[in-house]
Amino acid sequence: LPETPRGLWGALTVLSPQDWEQRQEEDTLLIERILLLVRNVLHVPPDPTEEQQGVDGDASVHDRVLWALHISGMDDLLKFLASAQVEQQWALHVLEIISLMFRDQSPEELAALGQGTAGAEHGEDTRELETLRQRELAEKRARALQRPSRHSRFGGSYVLQGLKSIGDRDVVFHKGLHNLKSYTHDLGKEPRRVPRHRQAA
């Protein structure tokens, strides 16, 4: 970067949010010039002859420029400019710089870039969740075995075919089968009370 009155780090101090109202016209011009310079440097197309001379796996010129921007702290400056509410006037410059940063990358490569570690972390999380689930199931089984067994009073419901109830339907019997022999239609009804003076002697 060429020498400027304040330099890149001076621009960083100019960009601090508390100094936004005190920012002068020359500070605004300095910031715009730095952003345009970065955009123009990233906009330079790759030289195919120079790229072919490099060793396989060697970083390209574009990658080295990106690394230099990272070392200088320019990526932090761009993140600040993109997220600060008071710096919206630089949004198009920042968007253009970011699109030029990813110029040589395909979306598939960028999406698959972090999947190696993410896949391993996902597999580890899945194994840990499965272990916790198995432990919880074992604790549930142990609690069920410790619980005292209570006899269910529900004996089931049965349909007595051939024995009609009201409305020509089969009788539904709600007691246990051992009570079936003593079944009458009056089962469960309150017996009619006879007054004492009418009771048989």
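A search of the whole structure finds three salt bridges, a salt bridge being a side-chain nitrogen of Lys or Arg within 4 Å of a carboxyl oxygen of Asp or Glu. The structure is a predicted model, in which local features need pLDDT of at least 70 and side-chain atom pairs count only at pLDDT 80 or more, while totals for chains, interfaces and linings use all residues. Residues are numbered from 1 along each chain as its sequence is written, and side-chain values use heavy atoms, with hydrogens and water left out.

**Overall architecture**

- The protein chain contains eight helices and two strands, where helices (H or I, at least four residues) and strands (E, at least two) are DSSP runs numbered from the N terminus.
- Along the sequence, these elements follow the pattern α-α-α-α-α-α-α-α-β-β.
- Of the 201 residues in the protein chain, 19% count as buried (buried is under 20% relative accessible area, exposed over 50%, partly exposed in between, with a 1.4 Å probe and protein chains only).

**Salt bridges**

- Arg39 and Glu96 meet through their side chains at 3.4 Å, N to O; this pair links distant parts of the chain, with Arg39 in helix α2 (residues 25-43) and Glu96 in helix α6, 57 residues apart.
- Arg39 counts as partly exposed because its relative accessibility is 21%, and Glu96 is likewise partly exposed, at 32%.
- Lys79 pairs with Asp76, their closest N and O atoms being 3.6 Å apart; because the two are three residues apart in helix α5, about one helical turn separates them.
- Lys79 counts as exposed at 53% relative accessibility, whereas Asp76, at 47%, counts as partly exposed.
- Arg133 and Glu130 form a salt bridge at 3.2 Å, N to O, and lie three residues apart in helix α8 (residues 115-146), so they are separated by about one helical turn.

**Largest pocket**

- The largest pocket holds about 390 Å³ of space (a pocket is an open set of points on a 1 Å grid over the protein atoms alone, where a 1.4 Å probe fits, with protein on both sides within 12 Å along at least five of seven lines; lining residues have an atom within 4 Å of a point).
- Its lining has 16 residues, of which Leu66, Trp67, Met101, Phe102 and Gln105 lie nearest the centre.
- Elements giving two or more residues to this lining are α4 (61-72), α5 (74-83), α6 (91-101) and α7 (107-113), and α4 provides the largest share, five residues.

Methods:
Points joined across faces, edges and corners; volume = space filled by probe spheres on them.
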